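Please keep the sequence and the structure in view while reading.

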Amino acid sequence: MPPPTHRKNQNVVLWIVGAVVCLLLLCCGIGVGGVLLYTFRSNQVADSTASPPTTPQASTAAPTTTPPSSAAEPALPDTFETVTERQWKRMAERPDDHTGRTLVVYGQITQFDDATGKDMFLALVGARRTTDEDGYDTNTLLYGDPKVLGDIAADDEFQAKVTVVGAYTYESLVGPTKAPLLRVYSLRVL
């Protein structure tokens with residue numbers, strides 16, 4: 001049986017090793033998250049002069065890093081349709097099948113910061129305005145002219161007139177994420 005001081009030393013060494021391992025894992029996680037966010041924003045800035053594609057991104061395509069540029073502002077469509085929640089869900093499941101549809105949507109902004117830029121944001125979107133906390137449940141990427149987006153902020157609830165561009169795959173901290181991509185023509189904070 002080892003002397004009691006030997007056991008104390010073993011416990012101290014185990015605590016130190018455990019703390020070092022935890023610290024290394026934490027640093028690696030923060031480093032990977034930072035690299036992903038930096039890569040997303042760097043690629044977005046590098047591609048910001050690209051013109052809008054004539055066809056939507058295919059949902060099976062490799063992850064992209066930036067939606068079409070909002071530099072060339074198209075003409076405002078004449079009408080925007082209101083849809084039911086079921087119609088919205090079907091469109092959100094297969095946005096490439098609904099490219100070009102003009103809709104009125106409602107939502108709540110989840111991210112609008114340096115990572116998304118001044119011309120796009122992430123939001124939870126639905127077909128109708130709701131007071132239910134879980135009412136908007138479709139993760140959606142929206143983009144448009146910064147003048148149209150105005151003075152929005154995370155957590156703002158909004159109504160927007162949009163065109164469905166298609167499916168969009170982007171890199172998030174949890175890996176490739178697919179979402180509907182909508183071009184915003186007008187936005188009103190509610």
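Glutamate 81 and arginine 101 form a salt bridge, with 3.0 Å between the closest N and O atoms. Glutamate 81 belongs to the loop between helix H1 (4–46) and helix H2 (85–93), and arginine 101 to the loop between H2 and strand E1 (102–111), so the pair ties together parts that are 20 residues apart in sequence. A salt bridge is defined here as a side-chain nitrogen of Lys or Arg within 4 Å of a carboxyl oxygen of Asp or Glu. Helices (H or I, at least four residues) and strands (E, at least two) are DSSP runs, numbered from the N terminus.

The model is predicted: local features need pLDDT of at least 70, side-chain atom pairs count only at pLDDT 80 or more, and totals for chains, interfaces and linings use all residues. Residues are numbered from 1 along each chain as its sequence is written, and side-chain values use heavy atoms, with hydrogens and water left out.

The structure holds three salt bridges. In another of these, the side chains of lysine 89 and aspartate 137 meet at 2.4 Å, N to O. Because lysine 89 lies in helix H2 and aspartate 137 in the loop between strand E2 (120–126) and strand E3 (138–143), this pair ties together parts that are 48 residues apart in sequence. Lysine 89 is partly exposed, at 30% relative accessibility, and aspartate 137 is partly exposed as well, with a relative accessible area of 45%. For these terms, buried means under 20% relative accessible area, exposed over 50%, and partly exposed in between (1.4 Å probe, protein chains only).

Glutamate 157 and arginine 129 also meet through their side chains in a salt bridge (3.4 Å, N to O). Glutamate 157 is in strand E4 (residues 157–172) and arginine 129 in the loop between E2 and E3, so parts that are 28 residues apart in sequence are tied together.

Which residues of H2 are buried? They are Trp88, Met91 and Ala92. These residues cover an arc of only 100 degrees around the axis, which puts them on the same side of H2; the arc is that of the directions from the helix axis to the C-beta atoms. The face of H2 turned away from this buried side carries the exposed residues Arg86 and Glu93.

Arg86 also belongs to a patch of positive charge on the surface, where it gathers with Arg90, Arg94 and Lys178. Such a patch is made of residues with over 30% relative accessible area and no salt bridge, like charges being joined within 9 Å. Lysine 178 lies in strand E5 (residues 175–189) and is partly exposed, with a relative accessible area of 43%.

Strand E5 also contains threonine 177, which is buried, at a relative accessible area of 17%. Threonine 177 and asparagine 139 are 38 residues apart in sequence and 9.4 Å apart in space, C-alpha to C-alpha. Aspartate 97, in the loop between H2 and E1, is exposed at 59% relative accessibility. Between aspartate 97 and alanine 167, 70 residues apart in sequence, the C-alpha to C-alpha distance is 9.1 Å.

As for the overall layout, the chain has three helices and five strands. Along the sequence they follow the pattern α-α-β-β-β-α-β-β. Of the 190 residues of the chain, 36% count as buried.

Methods. Patch = residues over 30% accessible without salt bridge, like charges linked within 9 Å, V, L, I, M, F, W, Y side chains within 5 Å. Areas by Shrake-Rupley, 256 points an atom, 1.4 Å probe, with all protein chains shown as cover. Lys, Arg positive; Asp, Glu negative; His and termini not counted. Charge placed at Lys NZ, Arg CZ, Asp CG, Glu CD.
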